[in-house]
Amino acid sequence: MSLFVNAEGGLTTAGYAVSVAAVVILLIAAFVLLKKSSSASKMTTKQIVFCAVAIALAYVCSYVHIFKLPFGGSVTLFSMLFIVLIGYWYGPKVGILAGLAYGILQFLQEPYVLNFVQVCCDYVLAFAALGISGFFRNRKHGLIKGYIAGIIGRGVFHTIGGYLFWMSYMPENFPKSLSAIYPIVYNYSYILAEGIITIIVLCIPAVSKALNQIKQTTVS
């Protein structure tokens, strides 16, 4: 048991205090960064509210598990999509910052701490990667392309964490000849499963039209 994590794997009082402080610092840093940005004047109160609502929806939907793997990771009810949408609406800078904040919320939801690098790989950087969807915001089929790029990016950081910290959890019945790709198989199994389901939904004309209308509303 450490100062920040109790015997059950949850946060101690000190752990929650540090985590809340980190969220506050992140939000202040994000505000300062956006204030200095050339696009800061475009971030209206309405747009900030849309970001907050999207993060809240992602957080709520992350509790709805279609299925959950034993050592972390699950297929959720489109939770990744809401973070991807922020990048798609406002570009990569805002999307990545939103992903960082969401990653900290995920850490608070179900914390597991080995060390600082592991927390960054599994929570902060992995979910921040969803914000790279912003690089595709002005492209044809940009939402689908951005979503694919975002979830692949998330998988990269989870996979790095897998190689660094979780190889000992590889099942004994996993083929030894394929052990080198175990973190890739494990992490992308649930990420791509949710991704495929989400992309199928995004390809429904009514859904695509509705999301395009929402985008127009968010940036107006």
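**Entry 1: the chain as a whole**

Among contacts in the protein chain between residues at least 6 apart in sequence, what percentage join residues at least 24 apart? I found that 70% of them do, where a contact means heavy atoms within 4.5 Å. I note that this is a predicted model, in which local features need pLDDT of at least 70, side-chain atom pairs count only at pLDDT 80 or more, and totals for chains, interfaces and linings use all residues. Residues are numbered from 1 along each chain as its sequence is written, and side-chain values use heavy atoms, with hydrogens and water left out.

I then looked up the secondary structure, and the protein chain has eight helices and two strands. Helices (H or I, at least four residues) and strands (E, at least two) are DSSP runs, numbered from the N terminus. Read from that end, the elements follow the order α-α-β-β-α-α-α-α-α-α.

I recorded the surface next. The protein chain exposes about 11700 Å², and 72% of this area is supplied by carbon and sulfur atoms; the areas come from the Shrake-Rupley method with a 1.4 Å probe, and for residues only the protein chains shown count as cover. Of the 220 residues, 44% count as buried. Buried means under 20% relative accessible area, exposed over 50%, and partly exposed in between (1.4 Å probe, protein chains only).

Apart from its neighbours within four places in sequence, W89 is in contact with F50, A54, R137, I214, K215, T218 and V219.

**Entry 2: helix α3 and its ends**

F78 lies in the loop between β2 and α3. Its phi is near 65 degrees, a positive value in a residue other than glycine. F78 counts as partly exposed, because its relative accessibility is 24%. Just after α3, G91 takes a positive phi of about 95 degrees.

L57, placed in helix α2, is 26 residues from I83 in sequence and 9.1 Å from I83 in space, C-alpha to C-alpha. L57 counts as partly exposed, because its relative accessibility is 38%.

**Entry 3: two loop residues**

H141 is found in the loop between α5 and α6. H141 is not a glycine, yet it has a positive phi of about 55 degrees. I note for context that most residues other than glycine have a negative phi. Is H141 buried or exposed? At 55% relative accessibility, H141 counts as exposed.

M170 sits in the loop between α6 and α7. M170 counts as buried, because its relative accessibility is 17%. Leaving aside neighbours within four places in sequence, I found M170 in contact with K176, S179 and Y182. M170 and Y186 are 16 residues apart in sequence and 9.1 Å apart in space, C-alpha to C-alpha.

**Entry 4: the largest pocket**

I searched for pockets on a 1 Å grid over the protein atoms alone; a pocket is an open set of points where a 1.4 Å probe fits, with protein on both sides within 12 Å along at least five of seven lines. The largest pocket has a volume of about 820 Å³, a volume being the space filled by probe spheres set on the points, with grid points joined across faces, edges and corners.

Which residues lie nearest its centre? They are F71, G72, G73, Y123 and Y190, out of 34 lining residues, each with an atom within 4 Å of a point. Two or more lining residues come from each of β1 (65–68), β2 (74–76), α3, α4, α5 (116–128), α6 and α7. The most, six residues, come from α7.

**Entry 5: cysteines**

I searched the whole structure for disulfides (cysteine sulfur atoms within 2.5 Å) and found zero. C51 counts as buried at 9% relative accessibility, whereas C203 counts as partly exposed at 48%.
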